Amino acid sequence: MSEIKKIATRESYGNTLVELGKEHEDLIVLDADLAGATKTNIFQKVFPERHIDCGIAEANMMGIAAGLAACGKVPFASSFAMFAAGRAFEQVRNSIGYPHLNVKIGATHAGISVGEDGATHQCNEDIALMRTIPGMVVINPCDDVEACAAVRAAYEYAGPVYLRFGRLAIPVINDADSYRFEIGKGVTMRKGRDVTIIATGLCVKESLEAAEYLAADGIDAEVINIHTIKPLDEEIVIASAHKTGKVVTVEEHSVIGGLGSAVCDVLSEKAPTRVMKIGVDDEFTVSGPAVQLIRKYGLDAESICGKIKAFL
């Protein structure tokens with residue numbers, strides 16, 4: 001059996017920016033002294049005149065991006081999730097969100113899979129922060145194919161978009177030739193009748209594996225990939241909840257304010273259903289190798305399977 005291809009979604013981000021740059025002269029890429037890590041250096045090498053290194057000044061970078069958007073450009077402002085969503089929150093809210101400007105935020109190194117960088121850089125709160133900004137689209141792709149498609153969709157969308165990418169190389173689970181991405185539309189990856197697993201980002205692959213483990217025990221799990229957390233695909237969530245009667249959300253993010261909260265908001269109002277949220281609990285995470293941290297915080301397939309069996 002051939003080895004499964006793995007690529008970090010931050011690589012997907014850098015590669016797709018180059019492709020878009022060749023097609024659209026209005027695309028400008030900004031970075032905050034992290035071009036090598038965010039992979040915008042790939043774009044910088046091809047289009048140096050359209051790459052702006054703003055230095056270690058993320059808040060200022062967001063202001064520059066807002067100004068560029070106001071002049072008709074399509075800026076992609078890039079930094080680690082902790083800095084893009086956390087440090088620059090006020091500027092993103094007031095300078096980009098409030099005037100609803102056409103700025104795309106490429107936030108890399110999100111979640112615990114940053115690994116050894118530790119709690120100060122493991123941003124498990126960014127989805128929650130960005131969800132609260134009116135009109136902000138929040139996208140968290142599950143693999144290289146989806147990430148590339150998401151960057152393209154973000155460029156085509158008129159308005160602010162927050163794109164969440166990871167540091168860790170993860171398996172490619174979608175087929176590039178057949179995959180179709182649409183903002184706000186979830187994807188049913190596996191049909192089932194006993195329980196619904198709604199996952200996002202790198203947790204989609206782990207959830208699919210968990211579903212296979214559950215199947216071996218006679219539990220038929222439906223797996224839904226929610227790449228766009230805002231606007232949420234309410235239709236696919238409600239339909240699956242009606243079918244199975246039990247919902248589990250899985251995310252590499254705090255259980256407060258992220259995918260799980262978004263799903264609960266919808267179901268509590270429109271289709272009351274039992275829900276269990278799997279993610280990072282209300283705690284600061286520790287430093288360590290990414291794969292070990294995923295296991296430590298119960299986001300690997302075996303842990304997800306165990307939690308779902310206990311829930312059922």
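These legends describe close-up views of a predicted model.

**View 1. Helix H1 packs against helix H8.** H1 spans residues 9–23 and H8 spans residues 144–156. Their axes lie 9 Å apart, at an angle of about 40°. The two helices are therefore oblique to each other. The crossing of H1 past H8 is right-handed. From H1, the contact draws on Thr9, Ser12, Tyr13, Thr16, Leu17, Glu19, Leu20 and Glu23. H8 meets them with Asp144, Ala147, Cys148, Val151, Arg152 and Tyr155. By class, the residues of this contact are 7 nonpolar, 3 polar and 4 charged.

**View 2. Asn60 in helix H4.** H4 covers residues 58–70. Asn60 is partly exposed, and its relative accessible area is 45%. Gln91 is 31 residues away along the chain, yet the C-alpha atoms of Asn60 and Gln91 are separated by 8.0 Å.

**View 3. An open sheet of 5 strands.** The strand order is E9-E11-E10-E13-E14, and the pairing is mixed. Strands E9 (187–190) and E14 (274–280) form the edges, each pairing on one side only. From one strand to the next, the twist averages 25°.

**View 4. Strands E10 and E13 pair in the parallel sense.** E10 holds residues 195–199 and E13 holds residues 246–254. The pairing runs over 4 bridges. Thr196 has Val247 in E13 as its bridge partner.

**View 5. Helix H11 packs on the sheet.** H11 (residues 259–270) touches E10, E13 and E14. Its direction makes about 145° with that of E13.

**View 6. Helix H13 lies across E10, E13 and E14.** H13 comprises residues 301–311. H13 runs at about 155° to E14.

Methods. Residues are numbered from 1 along each chain as its sequence is written. This is a predicted model: local features need pLDDT of at least 70, side-chain atom pairs count only at pLDDT 80 or more; totals for chains, interfaces and linings use all residues. Side-chain values use heavy atoms; hydrogens and water are left out. Axes are lines fitted to C-alpha atoms, for helices over the stretch in contact, and angles run from 0 to 180 degrees between N-to-C directions. Angles under 35 degrees count as roughly parallel, over 145 as roughly antiparallel, 65 to 115 as roughly perpendicular and the rest as oblique. A crossing is left-handed if the near helix is turned anticlockwise from the far one by less than a right angle, and right-handed if clockwise. Contact means heavy atoms within 4.5 Å. Ala, Val, Leu, Ile, Met, Phe, Trp, Tyr, Cys and Pro count as nonpolar, Asp, Glu, Lys and Arg as charged, and the others, Gly among them, as polar. Buried means under 20% relative accessible area, exposed over 50%, partly exposed in between (1.4 Å probe, protein chains only). Two strands pair if DSSP finds at least two bridges between them.
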